[in-house]
Amino acid sequence: MGCCVSTSSRSTCSSGSRGEAVSPLCFEIGFCGTQRTKRTFSDHVITLQNLPSVPNRIFTNGKSRTSCIFTQQGRKGINQDAMIVWEDFMSEDVTFCGVFDGHGPQGHLVACKVRDALPLELLSSMHSYQSRQNGSGGACLKGDLKKSDGSPEDRLNCLWKETFMKSYKAMDKELRSHPNLDCFCSGSTAVTIVKQGNNLFMGYIGDSRAVMGSKDSNGSMVAIQLTVDLKPDLPREAERIKKCKGRVFALQDEPEVPRVWLPFDDAPGLAMARAFGDFCLKEYGVISIPEFSHRLLTERDQFIVLASDGVWDVLSNEEVVEIVSLAPTRSSAARILVDSAAREWKLKYPTSKMDDCAVVCLFLDGKMDTESDYEEQGLSSATVQSNHSGNAIETDDGQKSELYLPRNFTVRSSEESDSYGRLAAEFEGNVDAVSTEDQNWSGLEGVTRVNSLVQLPRFSEERPNP
């Protein structure tokens, strides 16, 4: 549903002063006069079946021209995190990034499904808008979107907001009707960004987070939180859930973790207010409508980190930005960050099972290391391929920021370490991966770490009256 992008039309916009062909979508409203190459997302049909052959799209441990990504399995069974970087997305100056954290018995399948299908929903939505514009005689998006007034930037922002909203809605609808994927008590978070020139558009649900490393007026690196962890105790979220007869409260032994419960059963105890899937709670206030925001990037902005809560549970925004900025090579930054999170799990929560971790590091100047630097850090192509499943890896080492939240607060409270040890610049690159074949998700089986779900609901034919 909505996962095939037709490419029958190949219109051009010739409003440039020299009449050069630019992207047929011309999504950069007000920038149709800039020179563009002729390649666009409309150059070939994109379906779920041929996604693996799409160029400049990575979803396993490795690097691209402008980013590096890495995931590592925790200690609860199969890795339920997924990630993606898709460069030349729609056009050559557009990049899509996302991190998805699944939960529930089929959370790993939900996360991977969303990773693959959500970008196609965005493409489909944009293509539909292009078709409407062409049908109405418009050559590009310089025309009105909803109003005749407003700046080009406002119209561009409005277009992307509408695109994110429609795509997230279509994605959840597709999950609900999927014949082979049971999303009743399984779901996934999503933190997604689209970088288009100096514009950054963000859509997100759940508690995965995006943080940006930027330099202040003194040249010092600071952390800027770009998204909000959509927890059930946020006033607006809690109000909506309670209006829908859902319940929000924390368990006695984890008072810092608010959860969403059914009105007639102490289940499932979802630790977030918005998610894909989780249809047992969709009638009771949990939604998949994303929060959307837009930001103009400046020369001070250096990189963006997207990560699942396995990272934010043990590392603050400042620590994450420091680790990435001090990485010996950019291509090793995501892996070093995950290794650092794994070390902090052992130090701070030695009795807990480490959560899955997934990280995307997008460098905003578009530069990466040379291949020789990449290989010197033990991340050769062979190593990347051998670790593509993101399995568990044991290591021997055991101005003011905006929206600063020092922790994700989905782990039990415990006395934290007195000092934060920096990760050494050198680390072992060749490690043995543990196979995930025949593994089951064990997130509800005697884990001291706080899980996204507490227990699965047991429905009876007759439900007590609320």
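Me: What makes strand 11 and strand 12 a pair?
Reply: Strand 11 and strand 12 (residues 259-262) run antiparallel and are joined by three bridges. Two strands pair if DSSP finds at least two bridges between them, so three bridges are enough. The strands themselves are DSSP runs (E, at least two residues), and helices are runs of H or I with at least four residues, numbered from the N terminus.

Me: What should I know about the model before going on?
Reply: It is a predicted model, in which local features need pLDDT of at least 70 and side-chain atom pairs count only at pLDDT 80 or more, while totals for chains, interfaces and linings use all residues. Residues are numbered from 1 along each chain as its sequence is written, and side-chain values use heavy atoms, with hydrogens and water left out.

Me: Why are strand 11 and strand 13 called edge strands?
Reply: The open sheet has three strands in the order 11-12-13, with antiparallel pairing. Strand 11 (247-249) and strand 13 (265-270) each pair on one side only. Neighbouring strands of this sheet are turned by 35° against each other on average, direction ignored.

Me: Which strands are the edges of the six-stranded sheet?
Reply: That open sheet has the order 2-3-17-16-9-10, again with antiparallel pairing. Its edges are strand 2 (62-63) and strand 10, each pairing on one side only. Strand 2 and strand 3 (residues 67-72) share two bridges in the antiparallel sense, so they meet the requirement of at least two. Within this pair, glycine 62 stands opposite isoleucine 69.

Me: How do you know that strand 8 is mostly covered?
Reply: Buried means under 20% relative accessible area (exposed is over 50%, partly exposed in between, with a 1.4 Å probe and protein chains only). In strand 8 (residues 199-205), seven of seven residues are buried. Both faces are covered: Asn199, Phe201, Gly203 and Ile205 lie on one side, and Leu200, Met202 and Tyr204 on the other.

Me: What pairs with strand 8?
Reply: Strand 7 (residues 190-196) pairs with strand 8 in the antiparallel sense over seven bridges, and valine 191 stands opposite tyrosine 204. Strand 7 and strand 8 form a hairpin with two residues between them, and glycine 197 in the turn has a positive phi of about 65°. Strand 15 (residues 291-296) is antiparallel to strand 8 and joined to it by six bridges; there, arginine 295 is the bridge partner of leucine 200.

Me: Why is helix 5 called oblique to helix 6?
Reply: Their axes come within 9 Å and cross at roughly 135°. Angles under 35 degrees count as roughly parallel, over 145 as roughly antiparallel, 65 to 115 as roughly perpendicular and the rest as oblique. An angle of roughly 135° falls in the rest, so helix 5 is oblique to helix 6.

Me: Which residues meet where helix 5 and helix 6 are in contact?
Reply: Contact means heavy atoms within 4.5 Å. Val320, Ile323 and Val324 in helix 5 meet Ala333, Ile336, Leu337 and Ser340 in helix 6.

Me: How do you know that the span of helix 6 is close to the expected one?
Reply: The expected span is 1.5 Å times one less than the number of residues. Helix 6 has 16 residues and reaches 22 Å from its first C-alpha to its last, close to the 22 Å expected. Helix 6 is also mostly covered, with 14 of its 16 residues buried.

Definitions and conventions
Axes are lines fitted to C-alpha atoms, for helices over the stretch in contact, and angles run from 0 to 180 degrees between N-to-C directions.
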